[in-house]
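Please open the model in a viewer and keep the selection panel at hand. The stops below are meant to be followed in order.

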Amino acid sequence: MADETTYSPTEWLDQIDDPITGEEVQKGTKFSATRMNKIEGGIAQAHDKIGILSERFKLPSGKKFGIVAGVIRNQGSGWALINDGTDGLMGGHRPLNIDSIEYDAVQQRIKVNYPTLGAKKVISFAAVPDETFAVNGFQFGCSVAPDYCTINIGKPAPIISARVYYNGSAWVVEGKSGDGALAATPWSGTAVRVTHASIPEAYPMVCPFGSSTYRPVIDAVTDGQTNIKFLDSSGSVVTTPDTNMDCFLYRGTGSIKKVDPNTITDALYPWSNIWLLGIMEL
């Protein structure tokens, strides 16, 4: 059943008669006071609803507002608006009051331009990830002016949480890395080298795993490598790998790392979009 406040339009039909025979081809809708009162009631209902909206949004008297909205994607040739009939992909996208999209190579950020709108003040602006960007941890921060907005992109820095051990014939690394694969290889005969995604400004931590009697210590680090060596009970470096070499490695800061927008493409993150919505005072 329809809501009683919903207006149901009347379909008005012309009276049509056959010009030769005079027979009725289509019966016309009769004009009546009942139908006209229905129209009057619908107009009054619409005015009431507009009044309710004004009260809910509390629009200041005499003020005018404009909306900036759109969806942007990097298909490999740079960030651009998605617009029906031009992207050749999915339909249903159309920008509103956005003039252009730029890439700021110096600051490594996206710039959204909308000077044609003629805004005087910023009410609010948001750039949010779609489902693809969201599940991959991307975040977007805006700096907004009446005629443009810049968007910086961030992502949590990778975190390593893994077990590193010697199984009797080779080094094994089991665990998780927030970005990129993990690998363990011998290094200089006295340590194991764990290679991983770049994690700057994060010193690693290690501790014995299981029943290991060796004490693991960090030997050397770079942004993409962590070297571990093992000490016996006397504090001497163990130089020959054995199955007692077993440790847990953690490295990460949990901080947000700035990402260059031009490194984020549709090829790496298919169908990934940034949704834009801003409200401006005109």
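Predicted model: local features only at pLDDT ≥ 70, side-chain atom pairs only at ≥ 80, totals over all residues.

A salt bridge is taken here as a side-chain nitrogen of Lys or Arg within 4 Å of a carboxyl oxygen of Asp or Glu.

Select aspartate 246 and arginine 163 to begin: they form a salt bridge whose closest N and O atoms are 2.6 Å apart. Aspartate 246 belongs to strand 17 and arginine 163 to strand 10, so the pair ties together parts 83 residues apart in sequence. Aspartate 246 counts as buried, at 9% relative accessibility, while arginine 163 counts as partly exposed, at 24%.

Next, select aspartate 219 and lysine 229, whose side chains meet in a salt bridge at 3.3 Å, N to O. Aspartate 219 lies in strand 15 and lysine 229 in strand 16, so this pair links parts ten residues apart in sequence.

Move on to lysine 63 and glutamate 281, another salt bridge, with the closest N and O atoms 3.3 Å apart. Lysine 63 sits in the loop between helix 1 and strand 3, and glutamate 281 in strand 19, so the pair ties together parts 218 residues apart in sequence. Glutamate 281 is buried, at 12% relative accessibility.

Now display the open sheet of four antiparallel strands, ordered 4-3-19-7. Strands 4 and 7 stand at the edges with a single partner strand each, so one side of each has no neighbour in the sheet. Within the sheet, isoleucine 72 has leucine 81 of strand 4 as its bridge partner.

Finally, colour the chain by pLDDT: the mean is 87, with the lowest confidence in helix 1, at a mean of 77, and the highest in strand 6, at 97.

Methods: Residues numbered from 1 in each chain as written. Heavy atoms only, no water. Pairing = 2+ DSSP bridges. Helix = DSSP H or I, 4+ residues; strand = E, 2+ residues; numbered from the N terminus. pLDDT = per-residue confidence, 0-100. Buried < 20%, exposed > 50% of the residue type's maximum accessible area, 1.4 Å probe, protein only.
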